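Colleague: I am new to reading protein models. Could you walk me through this one?

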Amino acid sequence: MMGTAELLLLAQTYADAEGVSFTTISSRVFNDGKKLDAIVAGSDLYTSRLNRAVIWFSTNWPESAVWPPSIPRPAQTEGRAA
């Protein structure tokens, strides 16, 4: 089952690979620079928003990064999101 811990692992792995902050990732994924920090602090997240975020990561995953093996990767979609 996918949860916030897995989402935060994806975000941290992505941030490390791209050399960007959580705020930048949060803005890209949620159009809200504070959302990932709120999740770290214990804020909840709707399942539909979590699923969209994981799909965003899968679509935009850096070629130089290894997808965390403990997290099932959704089927890839065409093109990268802005």
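Here are some questions and answers about this model.

Modeller: Welcome! This is a predicted model, in which local features need pLDDT of at least 70 and side-chain atom pairs count only at pLDDT 80 or more, while totals for chains, interfaces and linings use all residues. Residues are numbered from 1 along each chain as its sequence is written, and side-chain values use heavy atoms, with hydrogens and water left out.

Colleague: In what order do the elements of the protein chain run from the N terminus on?

Modeller: Helices (H or I, at least four residues) and strands (E, at least two) are DSSP runs, numbered from the N terminus. The protein chain has 4 helices and 0 strands. Read from the N terminus, the order is α-α-α-α.

Colleague: What is the radius of gyration of the protein chain?

Modeller: This value is taken over C-alpha atoms, and the globule rule is 2.2 Å times the number of residues to the power 0.38. For 82 residues the rule gives 12 Å, and the chain comes close to that, so it is as compact as a globular protein of that length. The radius of gyration is 12 Å.

Colleague: What percentage of the residues in the protein chain is buried?

Modeller: Buried means under 20% relative accessible area, exposed over 50%, and partly exposed in between (1.4 Å probe, protein chains only). Of the 82 residues in the chain, the buried share is 39%.

Colleague: Is Ala15 buried or exposed?

Modeller: Ala15 is found in helix H1. Leaving aside neighbours within four places in sequence, Ala15 is in contact with Val20 and Ile25. Its relative accessible area is 4%, so Ala15 is buried.

Conventions: Contact means heavy atoms within 4.5 Å.
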